[in-house]
Amino acid sequence: MLFLASFLLSGCEDYLDQDPQDQVTESVYYQTPDQFEFAANRFYIRLAFEDGDETSDLSGNLGYEWGYGQGTVSTAETDDIWDNNYSYLRPVNQLIEKAAEYPGEFSDIEEYVGAAYFFRAWHHWKLLRRFGGVPIVTRSLDVSSEEVYGPRNSRYEVVYQILQDLDVAIDYLPSFSSIADEDYGKLSIEAAKAFKARICLFEATYEKYADLDYLDGDGTTTGAGTTKPSGYPSISEMLSEAKSQAEAVMNTGTFELWDHKDDMGAGYSEEFSEDYNNDHLFYLFNLEDAQSNPGGYTKADNKEFIFQTIYDYTYKQIRENITHAKPHCPTRKLMDMYLCTDGLPVQHSPLFQGYSGMTDEFANRDLRLVGLITEPLKQYWGWGGSTNGGGAQYGVAFEDAGTTYDYRYVPNLKSPSNARNMGYQGRKFTTEHINRETREESYNYPLIRYAEVLLIYAEATCELGDGAISDADLDKSINLIRERSGVADLTNDLIAPYSDLTMLGEIRRERAIELFGEDFRFDDLKRWGIAEEELGYNICITYIQYNGESCEFETALDPKTDGDLIYDESVWTYGLTAEEEIPSTYSGIASTKPGALIISPASDRLFSTKHYLDAIPTDEINLNPELKQNPGW
């Protein structure tokens, strides 16, 4: 029996020593280029709509999602951004470590290693923008690793690590033009350069304008401290690098702005063509397939997205309630920021039609306003469903669409509980495809797009010029964006007669209206050092009465409710937005007149300097007392 047992056990030895078959392990993977590719592909699923913070935008002071900008007084026990990004760093670091042990040709796996370095920078960036200095993690950790129980690194050390990782990614990643069709959506050299430009501009302006003497803390009792690595770049060096990396992407000739304002309505009657051409920017953000837009364009026709999360109706729907929720609804401030077609703001342009009629302010305006924000009583295709869809019915009059649905948009000026169309309603990242029900959208999400690169180039150039920029630099950057928006070029001569307009202010305006709803505004307010002021006043929407005159909203009847008034005075009262209450950072924006409706009063807004950084989750500090809380929390 003993002999038989020893024989059987020895025969089973190879079987018993095999790796677990129900999970991916280190011993199974990282042996072949295909396995490195599979591991790297997993990094991409943690982006955009699944991430939870990419599209929230919170819109700074430009959208209704104002909760973040109000400020909070308590710290949270846990935080998903902290938990998720540190969790994501483990497989990224693991791939980098395994690459160092790989016995084959490094060239066979270098693009996957480049992706790992990019994502290591990406996840540290997510943590930096939220908390400031955080523990840097550049290896796979276990419970005894010193990083688990060590102090925070300074923001400067985190930025330095991010820039170093991006330099490696730039060395290893393929060019965008060399990426095969089946790898559409993967990282490129240009994506890494554009991201490095973003980081350099962000940190240079953060150091220039924000109160880092307060936010850094001493690193002993509060904050992450002020330690700077040897060779850390100066503000001017980072601005120069931002400009240089942006220009390198621009000079490739690989990317171009989505601009189909002259052909989206081709083949349709004049009645429909004008609307489609005006709405062409709307379709940049909801391309699904050739049946979902009047131009017949597909995702492959979009040359603007440098780095994007890929979705597919069959294999990977977004599965978020985006279209039905009507995200990123603009405030009074944003509506007044959009320019008139002559390139001037509403307070200076003779083309501006005022506010008396409900749709007057849409006339002669930027196509980003006309195409991405719904106009009162205009008909829009529905968000999906067999009796409420639109995509397959393009070119058909609404009354001939075969449904009884009323397609007219009516602003909500009666019920503050319905925030989806409170005064104004955004259309960015919404679909009108006839077959898309709630949560079934499948358009791609832009993580880095070419318009941002042009904006980075212009802002960095203007900062380096102490507020000055040449017309030639404007022509190669911002004026490309304005042209596709139907707005006259920005030139030094255009704004010279107006004391309230500056080049830096106009560049910041362009950034606000171009990137609205894409998770930039709140960070921009902080890195410009103006968040306390910008978020400390009444958040308002539609004008009901201004300068003692009534607006059409006050007497308009709601066609969807048998003639009830659109506005209920008992719910919404006239805003107290006299000129003396407007912060100085409103330079270049129309003076808000009495009569705009308040949706978030200044008395409820608690934002202060401490809110530039979020609190470190208390559970993390309890586990590791070496993590010192951010100042003020």
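Predicted model: local features only at pLDDT ≥ 70, side-chain atom pairs only at ≥ 80, totals over all residues.

Me: How much space lies in the second largest pocket?

Reply: The second largest pocket holds about 420 Å³. A pocket here is an open set of points on a 1 Å grid over the protein atoms alone, where a 1.4 Å probe fits, with protein on both sides within 12 Å along at least five of seven lines, and lining residues have an atom within 4 Å of a point. The volume is the space filled by probe spheres set on the points, which are joined across faces, edges and corners.

Me: Which residues are closest to its centre?

Reply: Of the 19 lining residues, W82, Y86, L141, V148 and E620 are the closest to the centre.

Me: And which element gives the largest share of that lining?

Reply: Helix α4 does, with seven residues; helices are DSSP runs of H or I, at least four residues, numbered from the N terminus.

Me: Switching to rings, how many aromatic pairs are there?

Reply: The count comes to 31 aromatic pairs, where rings of Phe, Tyr and Trp (its six-membered ring) pair if their centres lie within 6.5 Å, and planes under 30 degrees apart count as stacked, over 60 as edge-to-face and the rest as tilted. One of them is F36 with Y102, whose centres are 5.4 Å apart and whose planes are at 75 degrees, so the pair is edge-to-face.

Me: Where do F36 and Y102 lie?

Reply: F36 is in helix α2 (residues 33-41) and Y102 in the loop between α4 and α5 (110-131), so the pair ties together parts that are 66 residues apart in sequence. Both F36 and Y102 are buried, meaning under 20% relative accessible area with a 1.4 Å probe and protein chains only.

Me: What about F118 and F195?

Reply: Their ring centres are 5.3 Å apart with the planes at 45 degrees, so that pair is tilted. F118 lies in helix α5 and F195 in helix α8 (residues 189-209), so parts 77 residues apart in sequence are tied together.

Me: Last one, which charge lies over the face of F282?

Reply: R427 does, at 3.9 Å from the ring centre, and the charged end of K428 sits over the ring of F285, 4.7 Å from its centre. The rule asks for NZ of Lys or CZ of Arg within 6 Å of the ring centre and within 35 degrees of the ring normal.

Notes
Residues numbered from 1 in each chain as written. Heavy atoms only, no water. Helix = DSSP H or I, 4+ residues; strand = E, 2+ residues; numbered from the N terminus. Buried < 20%, exposed > 50% of the residue type's maximum accessible area, 1.4 Å probe, protein only.
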